[in-house]
Amino acid sequence: MEKSGPQKTLKVISIVLIVLAAIGLLMGLVAIAGGAMIGAAGSVPGSTIDADQAMAAGVMTGAMGLVVIFANVVDLIIGILGLRGANDPSKIGPFYVMTIIGMVLTGLGVLSALFSGSDLSTMASNVISLALIVWCFVLARNIKGQQA
């Protein structure tokens, strides 16, 4: 059976999500490692870095890394389920549910960036992520509609 337009589009978007999620997971791991190094820098004898400030900065950087990892695990799951649903429309249900969860979490990220005074690139990245997840949701609805 030939794939419909929404299925083909979903397959491409899912591959993009998987690649971006893999890159994001690496960035999260780098942030955690960087946070550990920042925290350790304060414990070096004779260091001009204040130990308490270094520890606080290290913990915050590590926590940010964990948030990045969590967000990208969700995106990775959405991408994998999207591929599955694009190949077999009868399996689109879990993808549909994950896109709703993804929209809520990404929407919270947009609001967080907006109210925390994030820079323009962070805001743009969050808005693009939200648009991508909304597009996935619309594609999932179209594919679900084909089954009816």
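The residues that line the largest pocket divide into 17 nonpolar, ten polar and one charged, where Ala, Val, Leu, Ile, Met, Phe, Trp, Tyr, Cys and Pro count as nonpolar, Asp, Glu, Lys and Arg as charged, and the others, Gly among them, as polar. The model is predicted, and local features need pLDDT of at least 70, side-chain atom pairs count only at pLDDT 80 or more, and totals for chains, interfaces and linings use all residues. Residues are numbered from 1 along each chain as its sequence is written, and side-chain values use heavy atoms, with hydrogens and water left out.

This pocket (on a 1 Å grid over the protein atoms alone, an open set of points where a 1.4 Å probe fits, with protein on both sides within 12 Å along at least five of seven lines; lining residues have an atom within 4 Å of a point) has a volume of about 1100 Å³, the volume being the space filled by probe spheres set on the points, which are joined across faces, edges and corners. Of its 28 lining residues, Ala71, Asn72, Ser125, Asn126 and Ser129 are the closest to the centre. Two or more lining residues come from each of the helices α1 (5-41), α2 (51-87), α3 (93-115) and α4 (120-147), helices being DSSP runs (H or I, at least four residues) numbered from the N terminus; the largest share, eight residues, is from α2.

Two salt bridges are counted, each requiring a side-chain nitrogen of Lys or Arg within 4 Å of a carboxyl oxygen of Asp or Glu. Glu2 pairs with Lys8, with 3.8 Å between the closest N and O atoms, while Lys91 meets Asp88 at 4.0 Å, N to O.
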